[in-house]
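Take a look at the model below. We will walk through the places where its ligands sit.

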Amino acid sequence: MNVLVTGGAGYIGTHTCVELLNRGDRVIVLDNYVNSSPAALRGVEQITGRTFPVYEADLMDYNAVKRVFSENQIDAVIHFAGLKAVGESVSKPLDYYRNNLIGTLNLLEVMKEHDVKKLVFSSSATVYGMNNEPPFREDMPRSTTNPYGATKLMIEDMLRDLCYACKEWSVVLLRYFNPIGAHESGLIGENPNGIPNNLMPYIVKVAAGELPCLSIYGGDYPTPDGTCIRDYIHVYDLAMGHLKALEYLGHMQGAEAINLGTGKGYSVLEVVQAFERATGRTVNHKMAPRREGDIAACYADVSKARELLHWEAVKTLEEMCRDSWNFAARNGARQ
Ligand code: NAD
Ligand code: WQD
């Protein structure tokens with residue numbers, strides 16, 4: 001299969017490209033490197049021993065998107081490209097609406113013109129909002145508390161409307177829970193600029209001695225140890241979920257939302273302990289006030305993914321921690 005991967009140089013994109021190439025698919029990457037670099041794609045080439053066309057292009061540039069479709073035979077698209085930092089989306093809402101919505105609209109218009117009607121879209125567990133009880137099921141009411149989440153809701157709706165209007169489209173809306181980990185080679189992984197907002201990159205920097213201490217946001221939640229519970233999923237498992245979703249596109253029509261998580265929740269303290277066990281490093285930590293917008297517990301009901309995609313996550317929390325650390329260590333984290 002010939003697969004266009006938008007945002008293919010990013011964290012989840014690179015891992016998905018590796019598994020697509022390993023399976024023998026042909027990959028075309030479009031990325032403007034706003035949150036990545038060409039080095040990540042060299043990692044993909046190194047792991048797979050394969051080369052592939054890469055377009056440095058912005059999805060907001062309609063003509064650039066058209067060129068990619070004119071110059072390549074494309075059977076399906078995996079659409080990762082988007083801005084994804086929740087906090088930044090609150091301070092720069094227009095950037096998020098412009099990039100995520102206009103980028104997606106351009107992509108869909110060009111797909112339509114070129115008669116490419118199979119799409120896997122990166123949605124997020126953030127669409128379950130603050131008012132549902134976990135485990136989250138795909139048919140629960142959706143809501144959001146920030147512009148980033150609003151773009152995911154709007155794009156999900158846009159895609160449903162498109163599928164309603166034109167029955168030839170096949171779209172899978174994959175709702176990811178908390179992706180962590182890295183390729184076991186340590187050649188690709190997550191490498192945020194500056195001080196990380198997310199838990200695992202922060203833990204890694206504390207373990208490496210680059211930051212002094214992890215603040216655990218809230219020890220008074222109604223959970224067994226008082227800290228928040230999340231459904232962490234290895235980025236390899238997530239990548240494999242995309243391969244299964246592409247297969248599923250071949251025998252479905254319309255838009256289908258599917259959770260990608262493990263179905264198991266771990267608390268912040270459990271993640272810290274698992275990281276220490278898996279790596280032998282110490283993670284200095286202290287309790288801090290709750291972070292605005294956090295919910296006590298968020299984990300997936302994974303039965304739909306199992307039924308429709310014949311997919312489930314296989315990697316353990318220890319493997320996620322070990323691979324996150326291995327990537328950081330190979331890429332200059334202080335030992
Ligand atoms: P990432 O930032 O590492 O990757 C996104 C890629 O898209 C980057 O390489 C960036 O340069 C590119 N990009 C952004 N805007 C673009 C544009 N206008 N034109 C071309 N390229 C553009 O993020 P990720 O963690 O790999 O996430 C991929 C997708 O999954 C995103 O849509 C994100 O919202 C979604 N998602 C991520 C998580 C997570 O925790 N990582 C969770 C749920 C959903
Ligand atoms: C995990 C837990 C924090 C940092 C985010 C997005 C979500 C999705 C995945 C894109 C929480 C705690 C964190 C720290 C801490 N992304 N924490 N100290 O918030 O569950 O989800 O990424 O779609 O939309 O919101 O992930 O990694 O930020 O936090 O105690 O320094 O770790 O409070 O309980 P979150 P996270």
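This is a predicted model: local features need pLDDT of at least 70, side-chain atom pairs count only at pLDDT 80 or more; totals for chains, interfaces and linings use all residues.

Residues are numbered from 1 along each chain as its sequence is written, chains are lettered from A and ligands numbered from 1 in the order written, and side-chain values use heavy atoms, without hydrogens or water.

Start with ligand 1. Around it stand 28 residues, each with a heavy atom within 4 Å. D31, N35, S36, K84 and Y148 are the closest. By class, 14 are nonpolar, ten polar and four charged; Gly counts as polar here, and Tyr as nonpolar. β5 (118-124) gives the largest share, three residues. Helices (H or I, at least four residues) and strands (E, at least two) are DSSP runs, numbered from the N terminus.

Now the polar contacts, pairs of N or O atoms within 3.5 Å. A polar side-chain atom of K84 lies 2.7 Å from an oxygen atom of ligand 1.

Ligand 2 comes next. It is surrounded by 19 residues. β8 (214-217) gives the most, four residues. A polar backbone atom of S215 lies 2.8 Å from a nitrogen atom of ligand 2. Alone, ligand 2 exposes 690 Å², and the protein buries 87% of that.

Key. A polar contact is a pair of N or O atoms within 3.5 Å; within protein, one must be able to donate a hydrogen and the other to accept it, and residues adjacent in sequence count only if both atoms are side-chain atoms. Accessible areas come from the Shrake-Rupley method with a 1.4 Å probe; for residues, only the protein chains shown count as cover.
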